[in-house]
Amino acid sequence: MAFKTSAPSTPPSWFTPKRLLIIFCVINLVNYVDRGAIASNGVNGTLPTCTDAGICTSGTGIQGDFHLSNFQDGVLSSAFMVGLLIASPIFASLAKSHNPFRLIGVGLSVWTFAVAGCGSSFDFWSIAICRMLVGVGEASFISLAAPFIDDNAPVAQKTAWLATFYMCIPAGTALGYVYGGFVGSQFNWRVAFWGEAILMLPFPILGFVIKPLQLEGFAPLESKQTLTSVETNVSETGEVSLTDDGMPAADQPFTRGSKSTSKLGDQFTRFSKDMQVLLHDQVYVVNVLGYISYNFVIGAYSYWGPKAGYSIYHMSNADLVFGGITIVCGILGTLSGGLILDRMNSTISNAFKLLSGATFLGAIFCLIAFCFRSLYVFIALFSIGELLIFATQAPVNYVSLRCVRPSLRPLSMAISTVSIHIFGDVPSAPLVGVLQDHIHDWRKTALSLTSVFFLAAGIWFIGTFLKNADIINEDEEGQSATSIREKTKPLLEGNNDAENYCQP
């Protein structure tokens with residue numbers, strides 16, 4: 001049964017689809033500038049050194065100021081993952097009971113204060129805790145930004161818009177290297193963090209002061225208020241007033257305190273049921289398994305690539321070469337993947353075809369590249385391989401968004417992100433290190449690592465044979481989202497005559 005009540009006239013949201021995309025891209029860019037900055041020589045720095053002649057050089061950056069070991073320094077680079085992995089499912093679950101746009105505002109506020117805290121830290125543990133909180137702030141954004149973009153992008157350009165958003169990852173990381181190196185060397189490493197906080201500050205403020213947006217598949221707060229108002233009016237007329245549970249108010253056995261406990265328990269139960277839905281979704285599971293295999297290689301490439309390049313090809317500027325290839329190919333490949341999928345007609349089946357095909361061809365080029373002894377041939381072939389490999393970024397996230405109900409998209413993105421880190425890039429670097437310690441040949445190690453791309457391609461190829469209907473057009477009750485859109489105007493357009501619909 002549907003309750004229909006007229007809503008008071010409300011001003012349209014300031015956001016337009018293009019403004020929303022630009023804002024999310026800038027936020028994503030600043031977020032990854034922070035990732036690049038903390039790894040830059042200007043911010044990360046070096047330990048104090050002394051020569052045999054007794055000439056000593058003072059340390060620089062974080063490592064020099066806090067006298068960190070290489071292990072502690074490595075912990076700082078990945079500490080954000082602790083907060084990210086813990087908070088991502090929490091924010092995704094809260095999106096069902098709180099406005100998702102406001103949650104992004106909360107998360108970005110945490111991010112801003114945490115990054116400012118990094119600049120004000122006084123020892124290893126203080127900056128490590130701040131880095132963990134940076135991950136907590138980032139968790140709200142990564143879980144919810146992609147669903148917002150998916151809701152508001154033009155139908156024919158949805159994957160291209162996602163590609164534009166994910167393109168900011170390599171671009172932001174590269175910019176962070178430059179930004180951190182310049183600010184750290186010209187001023188101080190602390191200034192780099194304070195500058196990032198200032199750059200991000202307008203966005204959490206915007207998230208709180210601008211009229212919030214609502215994700216498709218979630219009941220807006222106004223609908224809940226309308227339902228409460230209806231129940232109150234019924235009670236005033238002398239008829240029975242019902243609670244949220246459908247019980248007469250007089251017969252409700254719970255007190256307010258126990259009701260809060262019950263609500264928390266209901267949220268946990270809902271989260272458990274949503275997780276069961278995701279884990280029983282063959283399309284989603286296959287997509288994430290392929291993504292884990294893919295990220296296993298990418299993570300090891302980013303960590304060991306320069307060292308392997310220096311060993312195999314004796315490159316004195318291995319950091320610059322591998323960094324440059326990754327930046328250029330990351331941007332071009334990510335954008336190309338989104339545009340190609342849109343041109344193919346954006347469907348889950350076509351996304352799996354593009355994922356398996358691009359990864360398979362990219363793996364061949366990368367594998368052949370490591371077989372050649374010529375540096376120039378290696379750079380040419382490896383660049384083509386990287387271009388194909390990065391073309392998967394938009395399609396893989398498109399599948400995660402479109403294979404689940406609208407209300408499950410935040411959790412889908414959160415669990416995907418958590419999985420690719422826990423089972424992908426986090427263990428890959430040490431495992432590759434163990435392999436290299438065993439065989440002592442970087443060329444063979446690189447070839448072995450690259451072959452994992454074929455596993456990812458094979459897993460995604462299986463996805464082309466699965467029943468993979470796009471169910472993004474179904475709401476919680478299995479109704480067509482199109483029928484709902486016929487009743488309401490688009491999300492980002494003014495709707496002064498809007499009516500609220502709520503399902504009891």
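Which residue forms a salt bridge with Arg35? The partner is Glu138, and the closest N and O atoms of the pair are 2.5 Å apart. A salt bridge is taken here as a side-chain nitrogen of Lys or Arg within 4 Å of a carboxyl oxygen of Asp or Glu. Arg35 lies in helix H1 and Glu138 in helix H7, so the pair ties together parts that are 103 residues apart in sequence. Arg35 and Glu138 are buried. Buried means under 20% relative accessible area, exposed means over 50%, and partly exposed lies in between (1.4 Å probe, protein chains only).

The model is predicted; local features need pLDDT of at least 70, side-chain atom pairs count only at pLDDT 80 or more, and totals for chains, interfaces and linings use all residues. Residues are numbered from 1 along each chain as its sequence is written, and side-chain values use heavy atoms, with hydrogens and water left out.

The salt-bridge rule gives a count of 4. Among them is the pair of Arg131 and Asp34, whose closest N and O atoms are 2.7 Å apart. Arg131 sits in helix H7 (residues 124–152) and Asp34 in helix H1 (residues 17–39), 97 residues apart. Helices are DSSP runs (H or I, at least four residues), numbered from the N terminus. Arg131 has a relative accessible area of 2% and is therefore buried. Asp34 is buried because its relative accessibility is 1%.

Arg409 pairs with Asp150, with 3.3 Å between the closest N and O atoms. Arg409 and Asp150 are both buried. Shared partners join Asp150, Arg402 and Arg409 into one network of salt bridges.

Helix H5 (residues 80–94) has 15 residues. Its span from first C-alpha to last is 21 Å, close to the 21 Å expected at 1.5 Å a residue. The expected value is 1.5 Å times one less than the number of residues. H5 has a kink of about 35° at Ala87, shortly before the proline Pro89. The bend is the angle between axes fitted to the seven residues ending at a position and the seven starting there. Buried residues of H5 include Ala87 and Pro89.

Helix H10 (residues 202–209) supplies the largest share, 3 residues. Val209 belongs to H10. Val209 counts as exposed because its relative accessibility is 59%.

Conventions. Helices (H or I, at least four residues) and strands (E, at least two) are DSSP runs, numbered from the N terminus.
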